Amino acid sequence: MNRRTFFKTLAAGGAALATAEAAAPRSAEAAKQRVELATVLDLTQCIGCGACVEACRDANAAKKPEPQKPFPKMYPARVKAEDWSDRRDVDDRLTPYNWLYIQTAQVEVDGEMQDIYIPRRCLHCVNPPCANLCPWGAALKQENGIVRINDDICLGGSKCKAVCPWHIPQRQTGVGLYLDLLPAFAGNGVMYKCDRCYDRVADGGVPACIEVCPMQVQTIGPRDDMLALAHARAEEIGGYIYGEHENGGTNTLYVSPVPFETLAEAVETGPGRPHLGPAQDVMAKDEALARAVVVSPLVGIAAGVLTFAAAMKKGDS
């Protein structure tokens with residue numbers, strides 16, 4: 001079957017039967033064996049050197065987008081291209097090429113003004129709305145707690161960014177499967193964010209940002225252990241924790257010597273610069289839960305279809 005024939009079949013709905021397995025629930029036994037990994041970031045140790053930022057860029061260079069230009073004209077006209085390909089060196093915010101950056105907060109600690117440095121990236125939520133509500137199944141949560149976006153099937157619709165309490169995923173136009181589907185209508189590129197070096201972790205390693213840090217700011221391990229570590233460190237310094245309950249809990253836990261309300265007021269926020277304020281549990285809302293339950297089988301089918309399309313694209317190239 002060539003690509004043209006496949007898309008005709010897809011339009012008719014015939015391809016859905018070939019992907020039923022993708023929608024099947026995981027076995028109860030597999031769920032019992034799942035161990036989620038979390039990271040603790042001790043902000044008293046971070047010196048803002050940026051080694052983690054550079055290590056992240058280097059380790060994930062092969063995953064970064066190489067867009068095709070000129071970009072297809074999008075309809076409706078309000079859909080704008082998002083192009084960071086000529087600004088790849090930007091490192092003071094999140095972009096499709098920069099998945100980790102350092103926020104700086106100047107605050108009073110023990111009566112003295114200090115700079116608190118805060119490494120910012122995806123928080124890898126325990127119950128991630130991006131993975132639960134992506135209409136195409138491109139965002140997913142692995143059994144080890146890593147939340148990532150499958151760039152082979154992402155259409156760049158930005159639902160993940162809209163439902164994320166921190167609006168973390170960032171889009172690059174001119175790359176991805178949408179170019180081979182309906183380039184004027186089907187999304188607008190691919191969404192990118194930290195995938196916690198899932199490939200390195202799968203091989204028994206640790207994320208590049210952790211490996212290179214000279215101050216051992218981050219510690220990674222099972223979430224229960226990391227929660228205990230975060231509480232022990234917070235008690236030791238009379239500090240505070242962020243990530244234990246925000247958005248229902250995340251697998252990134254910050255420990256700070258000052259309240260996070262103070263840090264939230266001191267950091268610069270805006271596009272690509274996540275806040276540090278309260279984050280309501282998105283998936284606790286009845287509407288979000290109902291939507292996730294209703295669409296989950298369809299999402300599984302859509303993910304299977306798009307995976308097949310992506311495989312065909314690779315076969316043609």
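Modeller: A word first: buried means under 20% relative accessible area, exposed over 50%, and partly exposed in between, with a 1.4 Å probe and protein chains only. This is a predicted model, so local features need pLDDT of at least 70 and side-chain atom pairs count only at pLDDT 80 or more, while totals for chains, interfaces and linings use all residues. Residues are numbered from 1 along each chain as its sequence is written, and side-chain values use heavy atoms, with hydrogens and water left out.

Colleague: Fine. Why is Phe 260 called buried?

Modeller: Its relative accessible area is 5%, and the cut-off is under 20%.

Colleague: What makes Trp 99 and Tyr 192 a stacked pair?

Modeller: There are two aromatic pairs here. In this one, the centres are 6.5 Å apart and the planes 20° apart. Rings of Phe, Tyr and Trp (its six-membered ring) pair with centres within 6.5 Å; planes under 30 degrees apart are stacked, over 60 edge-to-face, the rest tilted. So 20° lands in stacked.

Colleague: Why is Trp 99 called buried?

Modeller: Its relative accessibility is 4%, so it counts as buried.

Colleague: And why is the pair of Tyr 242 and Phe 260 called tilted?

Modeller: Their ring centres lie 5.2 Å apart and the planes meet at 40°, so the pair is tilted.

Colleague: How do you know that the charged end of Lys 64 sits over the ring of Trp 99?

Modeller: The test wants NZ of Lys or CZ of Arg within 6 Å of the ring centre and within 35 degrees of the ring normal. The charged end of Lys 64 sits over that Trp 99 ring, 4.8 Å from its centre. Arg 148 does likewise over the ring of Tyr 198, at 4.0 Å.
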